[in-house]
Amino acid sequence: MPVTKSWAASTGVVLSLTLGLALTGTAYAGEIPSNTEGGMEQSGGKDDTGIYAAARITYSGSVAPNGSSGNVTSADVNWTPPPCWYAPYLGAKDFKAKMSKDIERQLKTPGIGSTAGSALTELKRHYEARYGWSDNPGYEDYNVDKDGEGMFWAGVENPNEPDALKRSSCNDLPFWVDNGEAPPPRYEEAITPQILAALAYQHMQLPDTEVTLAPEQTTKVNLPTWAWLDKAVFDEVQATAALNVPGFDLQATTTARPVSLTLEPGTEDAVTYPASGECVINGDGSIGEPYARGKANRIPPCGIKYLRSSGNGTYDLQATITWEISWTGTGGAGGDLPDGAFGNGQDVAVQEIQAVNR
């Protein structure tokens with residue numbers, strides 16, 4: 001019975017073997033960084049079997065520490081980073097050492113069923129004796145005669161993807177790609193600059209947004225509170241993701257540029273300026289206008305007027321910046337990604353204006 005991708009997936013044996021090889025263990029850990037200061041590196045190295053694993057994504061720029069997701073929220077609720085992808089895994093000799101050992105170990109497992117045994121035998125023939133099918137030809141002795149001329153590619157899970165089924169959906173058998181060549185078109189999830197750009201977006205860390213207020217921290221009922229951000233407080237932010245392996249180098253830089261500030265007073269008893277609550281960026285790159293003496297009777301271009309006291313507590317003023325996201329990558333590729341948003345809260349105490357009776 002010929003092995004097809006659908007049949008291989010249905011057996012569970014071939015699938016679990018592939019995942020066990022390609023997605024777990026220190027040799028192919030996907031996105032486990034080794035440093036966090038100002039970036040993340042995933043340098044290649046040897047696992048406990050001594051096999052070299054080259055496929056590591058390196059992150060640099062403004063990225064979250066420890067491989068965690070950044071603080072950007074996509075404005076498009078339907079957009080998500082890739083849950084998995086295919087990437088260079090091992091050279092021919094290293095792949096043979098790893099895969100053949102794993103197959104033999106499972107073939108010798110006590111009580112292995114006939115279906116599982118047949119699947120493993122056909123998997124062995126696939127890599128050793130050119131046993132294949134229409135869209136996936138087999139290999140002669142794991143392509144060791146082409147060692148150094150290409151690599152076997154395999155699926156990588158995105159550890160930040162919460163859905164386990166999506167995370168493990170790149171489950172085709174490892175396949176060979178010559179140096180300098182693109183993977184076969186049927187592998188739509190093969191790593192590209194656009195995928196790297198999306199991963200850079202996922203890990204991007206935007207600066208905190210603390211809006212300058214006047215009056216500061218404590219204001220009065222019906223008194224306009226001015227809000228602004230100087231250009232020096234924020235600027236465009238970049239994060240880069242790169243994959244550098246023999247014969248296959250890719251990189252993408254994702255850029256976030258601030259375009260507007262949205263104020264949410266923390267209570268319905270308030271008026272925002274402008275009425276939409278969205279303060280657009282000025283020509284000089286700032287947002288709003290600093291308060292100065294003589295402006296007390298003016299309406300701020302960006303601000304809030306509270307209509308009721310906060311009593312003994314405070315209102316949670318949310319200041320959220322919308323960021324325009326774009327990317328550029330290897331070979332002149334580039335484009336836009338969904339706008340992102342990030343903000344944080346500030347406590348604002350609002351007091352009644354006290355009248356003095358004489």
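**Strand pairing and aromatic pairs**

I began with the neighbours of β7 in this predicted model, and found that β7 is joined to strand β8 (residues 175-178) by four bridges, the two running antiparallel. Looking for a particular contact between them, I noted Trp176 in β8 as the bridge partner of Phe152.

I then turned to strand β6 (residues 84-90), which pairs with β7 in the antiparallel sense over six bridges; here Pro88 has Trp153 in β7 as its bridge partner. Checking how covered β7 (residues 150-157) is, I read that seven of its eight residues are buried.

Next I looked up the aromatic pairs, of which the structure holds 17. One of them is formed by Tyr86 and Tyr187, edge-to-face, with 5.6 Å centre to centre and 70 degrees between the planes. Because Tyr86 lies in strand β6 and Tyr187 in the loop between β8 and α6 (193-203), this pair ties together parts that are 101 residues apart in sequence. I recorded both Tyr86 and Tyr187 as buried.

For Tyr127 and Phe152 I noted ring centres 5.9 Å apart and planes at 75 degrees, so this pair is edge-to-face. Tyr127 belongs to helix α4 (residues 114-128) and Phe152 to strand β7, so the pair ties together parts 25 residues apart in sequence. Tyr127 is buried, with a relative accessible area of 0%, and for Phe152, also buried, I found 0%.

Note on methods:
Residues are numbered from 1 along each chain as its sequence is written. This is a predicted model: local features need pLDDT of at least 70, side-chain atom pairs count only at pLDDT 80 or more; totals for chains, interfaces and linings use all residues. Side-chain values use heavy atoms; hydrogens and water are left out. Buried means under 20% relative accessible area, exposed over 50%, partly exposed in between (1.4 Å probe, protein chains only). Two strands pair if DSSP finds at least two bridges between them. Rings of Phe, Tyr and Trp (its six-membered ring) pair if their centres lie within 6.5 Å; planes under 30 degrees apart count as stacked, over 60 as edge-to-face and the rest as tilted.
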